[in-house]
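Here is a short tour of one protein model. Look over the sequence and the structure before reading on.

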Amino acid sequence: MMRMCKKMILVLAAALLLSTPCQAAQTILIKAAHGLTEFSGLHQGFVKFKEVLEATSNGEFAVELYPNQQLGGDRELTEAAQLGNLAVAATTSAPLAGFEKDFFIFDVPFMFANRTEAFAFMDGEPGQFLFKKLEKINLVGLGFWENGFRNLTNSRKAVRTVEDVRGIKLRTMENPIHLALWKTLGANPAPMAFGELFTALQQKHMDGQENPFGQIYDNKFYEVQPFITRSHHVYTPFPIIINNEFWHGLSPAHKEIVQSSMKDATAYQRKLAEELDDKAAANLRRAGREIIELTTEQLDAFRKGASPVAQAIKERVSPEAFKLYSDYVNRK
Ligand code: TK8
């Protein structure tokens, strides 16, 4: 009798085991893409994210990185993340504003005097508000990384004053506020995707552009741009975005691992980006390029020249976004 029971239990246990699909846990693949080189702080931030996420998930996640515009420029990468053809993308905030207008807030000239102000804005209520707005365009914001303070370069003349800007054919990102800024300052701006920029500068279809020192150095713009001015006219972040369905398809535990890995990578990337910004400036000087440092009066003249653009921001963004902007500007 005993032997019979034992046998029955064994048969039942075997049947149970076979009926529950004992799949090996599937590895979750995250494809992440961006438009800069492998030397950029942006790419190193993704390398860090990959390392931390693969390690802390014990291989339950695998991250594949696609730098250098391999999968397209900012606009294409954002569309790919929206459609789910790509899980994660990094685009500068300026072209992203073409998808969600409240990101125009970051394009207000001279909005941030330093990184502390920029990080407080991104990590505070404004940043969270902007990420919430991404949900309606099928995206989730994972973190704000540094693209950096933008500087003016050109092949025509040394720029120290607003008058010096007059008539410069300047490439801007595909963003109406950047266009308005340089038009107001007297340049002749035109929008262009980042991937076309070096050739346009080399063939003199464009006289100038504006980017952080890292891009000016890594993408060799300095080779065809003899004049460099540290203008710091705008600070642009890299919002790191993920496809909405991909994100909500993750378990709470997996979401937590991704968020904590992103948190580590964000702290690492911001610190590295600042170091690389200084390093790029030193490399530009070593390459024989002078970095024109503006005096306080010269900088004030640029701020004054740009002020109509700041005042016009109200028409560009939602009332809630404008309130967050004006609360920030009027903070004590
Ligand atoms: C790279 C761009 C770049 C940006 C620009 O994909 O377009 O000038 O500063 O970093 O996002």
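## A helix crossing

A crossing of two helices is called right-handed if the near helix is turned clockwise from the far one by less than a right angle, and left-handed if anticlockwise. This is a predicted model. In it, the crossing of H8 and H13 is right-handed. Helix H8 covers residues 176-184, and helix H13 covers residues 296-311. They pack at an angle of about 145°. Their axes lie 9 Å apart.

Which residues make the contact? H8 supplies Ile-177, Ala-180, Leu-181 and Thr-184. H13 supplies Gly-305, Ala-306, Pro-308 and Val-309. By type, six of these residues are nonpolar, two are polar and none is charged.

## Helix H2

Helix H2 runs over residues 41-56. Its 16 residues should span 22 Å at 1.5 Å a residue. The end C-alpha atoms are 22 Å apart, so the two values agree. After H2 comes Asn-58, with a positive phi near 50°.

The buried residues of H2 are Gly-41, Leu-42, His-43, Gly-45, Phe-46, Phe-49, Val-52 and Leu-53. Among the elements that cover them are strands E1 (28-33), E2 (61-66), E3 (88-90), E4 (139-149) and E10 (235-243). Helix H12 (252-286) is also part of this cover.

## Gln-225 in its loop

Gln-225 sits in the loop between helix H10 (213-218) and strand E9 (227-230). Is Gln-225 buried or exposed? Its relative accessible area is 0%, so Gln-225 is buried.

The side chain of Gln-225 reaches the backbone oxygen of Asp-207 at 3.0 Å. Beyond its neighbours within four places in sequence, Gln-225 has contacts including Thr-153, Asn-154, Leu-201 and Arg-289.

How values were computed. Residues are numbered from 1 along each chain as its sequence is written. This is a predicted model: local features need pLDDT of at least 70, side-chain atom pairs count only at pLDDT 80 or more; totals for chains, interfaces and linings use all residues. Side-chain values use heavy atoms; hydrogens and water are left out. Helices (H or I, at least four residues) and strands (E, at least two) are DSSP runs, numbered from the N terminus. Buried means under 20% relative accessible area, exposed over 50%, partly exposed in between (1.4 Å probe, protein chains only). A polar contact is a pair of N or O atoms within 3.5 Å; within protein, one must be able to donate a hydrogen and the other to accept it, and residues adjacent in sequence count only if both atoms are side-chain atoms. Contact means heavy atoms within 4.5 Å. Axes are lines fitted to C-alpha atoms, for helices over the stretch in contact, and angles run from 0 to 180 degrees between N-to-C directions. Ala, Val, Leu, Ile, Met, Phe, Trp, Tyr, Cys and Pro count as nonpolar, Asp, Glu, Lys and Arg as charged, and the others, Gly among them, as polar. The expected span of a helix is 1.5 Å times one less than its number of residues.
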